[in-house]
Amino acid sequence: MDIRKFGEELINEVQRYPNEPMYYIGMYSNKCSFQVLINDMPIWSFFKEGGMSGTMLPINVMVSKSGQQTITIKVYPSKTPNKILGSVIDSNARLQISLSVTDWKNKLPMKLINKSLILLPVINGNAACVGLPYAVYSTTFELQVPYETRSWEGGVNLTKEDSSMLQKEVLAIYQKVRQMWADKELLKIFIYNKKTYFSALQSQYRDSTVWKEYSNDLVKLLNNKTFEMEPLEHYVVNFYANGKVVALQRTDLWNRNRSALLKGYTRDNGDERTETEALYLYRPTKNVPLEPIR
């Protein structure tokens with residue numbers, strides 16, 4: 001089997017539907033850093049100076065089936081000009097999350113569902129969380145999707161396991177996957193993450209064209225003579241999905257909340273870049289190995 005054959009078999013499993021809703025969150029922020037979680041799974045982090053506006057982020061990958069979903073925003077101080085995170089949230093902090101939908105199959109225009117799915121509270125012109133080191137806001141909302149993908153909901157609560165043994169297991173997996181990338185064993189990477197890839201493809205109704213573009217980009221990256229895997233360092237063990245998912249994530253500010261698996265390379269124009277390789281693990285039942293879930 002080669003990566004072309006692998007992709008064909010994977011795409012053939014993806015079901016298509018008369019209507020294919022794709023949901024997006026829109027993000028506006030100023031004077032604060034933040035992390036977005038859908039169903040207690042991280043999907044976006046912003047730890048840069050200033051703010052952001054106009055970014056539309058698809059969230060289907062963290063929606064395993066129709067019904068009630070949860071969005072959580074963790075708000076932190078903004079990054080300062082001297083490249084560190086502030087100690088408390090600024091009074092001018094602003095954050096607004098909207099929810100929109102389009103139909104992927106029928107290419108319908110984007111429709112706004114909720115302009116203020118989450119809106120950072122402001123009292124007398126000041127952010128309600130001013131002076132705090134962090135703040136958390138959460139709400140639930142209903143979504144309808146035609147598919148069901150693998151969910152972590154039935155997994156083991158990893159926070160109740162022996163922490164030392166669990167950390168050793170997680171680190172061993174990250175080291176194994178890192179070595180696959182370092183050795184440029186793309187087919188092994190695809191096979192190991194097959195179920196994860198399928199969940200992403202199904203939830204976003206992807207076809208062979210998208211898979212071909214994705215795999216071609218990875219081949220191009222691995223053929224870059226400057227490609228290398230960054231060391232596994234500056235990370236902590238983080239739990240998500242109410243304790244049922246675990247990940248190693250960076251703690252250094254530029255890469256905060258990004259996967260500990262970082263791919264480094266230099267572009268043709270000389271710019272040095274890093275890309276994150278996400279790896280979220282769960283244990284389907286007791287006494288079985290951890291495996292990728294997203």
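Tutor: Let's start with a word we'll need: a residue is buried under 20% relative accessible area, exposed over 50% and partly exposed in between, using a 1.4 Å probe and protein chains only. This is a predicted model, where local features need pLDDT of at least 70, side-chain atom pairs count only at pLDDT 80 or more, and totals for chains, interfaces and linings use all residues. Residues are numbered from 1 along each chain as its sequence is written, and side-chain values use heavy atoms, with hydrogens and water left out.

Student: Okay, why is Tyr 280 called buried?

Tutor: Its relative accessibility is 10%, and buried means under 20%, so Tyr 280 counts as buried.

Student: And what makes Phe 47 and Tyr 76 a tilted pair?

Tutor: Rings of Phe, Tyr and Trp (its six-membered ring) pair if their centres lie within 6.5 Å; planes under 30 degrees apart are stacked, over 60 edge-to-face, and the rest tilted. Here the centres are 5.5 Å apart and the planes stand at 40°, so the pair is tilted. Phe 47 sits in the loop between β3 (41–46) and β4 (51–58), and Tyr 76 in strand β5 (residues 67–76), 29 residues apart. Strands (E, at least two residues) are DSSP runs, numbered from the N terminus.

Student: How do you know that Phe 47 is buried or exposed?

Tutor: Phe 47 has a relative accessible area of 5%, so it is buried. Tyr 76, at 14%, counts as buried too.

Student: What about Tyr 240 and Tyr 280, what kind of pair do they form?

Tutor: Edge-to-face: the centres are 6.1 Å apart, with 80° between the planes.

Student: And why is Asp 217 called exposed?

Tutor: Its relative accessibility is 52%, so Asp 217 counts as exposed.

Terms used
Helices (H or I, at least four residues) and strands (E, at least two) are DSSP runs, numbered from the N terminus.
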